[in-house]
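Thanks for making time this morning. Please look at the sequence and the structure on the screen, and then I will walk through them.

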Amino acid sequence: MTDTPKFTQSRRQFLAGAAVATGAAATGKLVHAQAASPDPAITELQPWQQYLGPGVDNAPYGVPSPHEAHVIRRNVEWLTADTVSSINFTPLHELEGIITPNGLCFERHHSGVADIPWADHRLMINGLVDTPMVFTMDDLMRFPRENRTYFLECAANTGMEWRGAQLNGVQFTHGMIHNVVYTGVPLRLLLEEAGVQTNGTWLLAEGADASGMTRSIPMEKALDDCLVATHMNGERLRAEQGYPVRLVVPGWEGNMWVKWLRRIEVGDMPWHHREETSKYTDLLADGQARRFTWEMDAKSVITNPSPQAPITHGPGPTVLTGVAWSGRGTIPRVDVTLDGGINWHRARMSGPSLDKSMHRFYFEFEWDGRPLLLQSRAHDSTGYVQPTKDQLRAVRGVNSIYHNNGIQTWAINEGGQAENVEVG
């Protein structure tokens with residue numbers, strides 16, 4: 001239980017005068033479909049039952065059903081001047097489980113997608129090492145490989161929401177994230193091959209795309225759990241995800257996961273390049289900027305119901321679902337509220353609970369048709385609890401872009417439609 005919240009208006013004053021229903025816990029009763037008359041969709045022979053479909057070689061690389069053609073990554077045109085240095089968003093409201101299909105993983109590019117043949121790519125390790133080395137892709141495949149499931153989240157995910165409710169859809173508020181199984185060589189093994197010198201305490205990862213993306217990474221992290229990945233979800237990386245090879249930096253902001261990885265330089269201090277000075281730092285209210293805030297804090301969001309996935313069945317048994325994640329461990333618990341934080345209920349966790357990976361949660365309840373204020377609150381394995389947006393702003397102000405992990409609110413009206421709002 002929490003104190004009764006104050007309400008703040010959305011841009012459309014969606015909550016003006018609205019009553020809020022708390023909802024009832026699920027009773028466990030089954031939902032039975034009842035028809036007043038025979039349904040021809042089941043009683044009559046359908047067209048697809050009367051003719052042969054395409055054969056096994058019709059689509060040598062499988063594609064989704066044409067009836068799911070709307071399930072795609074989407075761009076917000078006004079966010080950037082050109083799509084070659086832009087982002088598109090994972091349709092979280094269309095997904096279940098925790099694994100993001102390769103074709104739906106969000107993209108973030110600084111100079112478009114690099115087109116690099118496997119046989120022509122090289123990875124160099126130089127700097128403070130005993131033996132500078134250059135590896136072909138085939139060389140990398142001779143090292144021991146590991147398979148690990150991690151989320152990758154852009155530090156700017158939910159960044160538009162710092163100053164209030166903005167984008168009306170979970171795909172656009174939270175869709176700069178995906179969760180896949182990576183296959184790759186532990187970075188530690190490649191560094192050991194080159195022989196890191198005793199004063200080598202940092203490394204610089206550099207991409208082969210036209211933007212020359214670089215990020216400084218402390219050696220402690222590099223030797224811990226970083227991967228040099230060649231595959232995701234069982235197949236080789238797609239071009240937009242860094243083919244033929246990318247860096248995986250588990251639990252840390254996505255900008256550090258350098259794609260099209262071509263060089264790793266070992267040094268004795270950070271490089272202070274663009275992506276860790278003027279960008280990817282957190283500007284505070286007093287004008288100071290926090291630097292090297294790499295870890296992604298615990299976060300969650302309800303994906304259904306949400307603005308792009310309204311309640312269409314009317315009052316009755318209703319299933320709420322969403323995802324949660326933490327860059328510091330697992331998510332053993334998620335709480336949900338139907339009334340903007342007055343009453344909290346423990347959600348049901350379902351599926352694998354993996355370190356630095358997405359977790360799926362559900363809450364079944366009986367909707368009585370009255371308005372709802374839906375929120376989720378994640379607890380991670382370190383004991384950290386996801387904060388409200390007001391709690392974040394009290395510490396960091398509203399000048400920031402990155403690392404907004406505040407609690408998200410969806411307002412559901414009597415018709416089941418949802419809108420992005422805030423509760424104070």
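**Where the two domains meet**

Three salt bridges are found by the rule across the interface of domain 1 and domain 2. Before going on, please note that this is a predicted model.

Four elements each supply at least two residues of the side of domain 1 that touches domain 2: strand S7 (146–153), helix H3 (170–174), strand S8 (177–186) and strand S15 (282–283). Which of them gives the largest share? That is H3, with 5 residues. By residue type, this side of domain 1 divides into 18 nonpolar, 16 polar and 10 charged residues.

Let me step back to the division itself. Domain 1 runs over residues 78–290, and domain 2 over 299–421. Their C-alpha centres lie 27 Å apart. In terms of contact, 44 residues of domain 1 touch 42 residues of domain 2. Between them the two domains bury about 3,700 Å², and 54% of that area is on carbon and sulfur atoms. There are also 26 residue pairs in polar contact between domain 1 and domain 2, counting pairs with both residues at pLDDT 80 or more.

Now the salt bridges. The structure holds 25 of them. How far apart are the closest N and O atoms of Arg-396 and Asp-282? The distance is 3.4 Å. As background, side chains of opposite charge can pair when their charged atoms come close.

Next, the record. UniProt, in an unreviewed entry, lists residues 111–270 as "domain: Oxidoreductase molybdopterin-binding". That span is 14% helix and 36% strand, and its end C-alpha atoms lie 24 Å apart. The unreviewed UniProt entry also has the annotation "domain: Moybdenum cofactor oxidoreductase dimerisation", spelled that way, for residues 291–408. Here the span is 7% helix and 36% strand, with the end C-alpha atoms 25 Å apart.

Last, some backbone details, starting with cis peptide bonds. Tyr-243 and Pro-244 are joined by one, with omega at about 10°. Pro-244 is in the loop between strand S12 (235–236) and strand S13 (246–248). Another cis peptide bond joins Asn-304 and Pro-305, and there omega is about 0°. Where does Pro-305 lie? It is in the loop between strand S17 (299–304) and strand S18 (316–325).

Then there is His-272. This residue is not a glycine, yet its phi is positive, at about 55°. His-272 is placed in the loop between strand S14 (261–267) and S15.

Terms used:
Residues are numbered from 1 along each chain as its sequence is written. This is a predicted model: local features need pLDDT of at least 70, side-chain atom pairs count only at pLDDT 80 or more; totals for chains, interfaces and linings use all residues. Side-chain values use heavy atoms; hydrogens and water are left out. UniProt positions are given in the numbering used here, feature names are shortened, and annotations may be inferred rather than shown by experiment. Domain bounds come from an automatic or database domain assignment. Contact means heavy atoms within 4.5 Å. Buried area is the accessible area (1.4 Å probe) that two parts lose on being put together, summed over both. A salt bridge is a side-chain nitrogen of Lys or Arg within 4 Å of a carboxyl oxygen of Asp or Glu. A polar contact is a pair of N or O atoms within 3.5 Å; within protein, one must be able to donate a hydrogen and the other to accept it, and residues adjacent in sequence count only if both atoms are side-chain atoms. Ala, Val, Leu, Ile, Met, Phe, Trp, Tyr, Cys and Pro count as nonpolar, Asp, Glu, Lys and Arg as charged, and the others, Gly among them, as polar.
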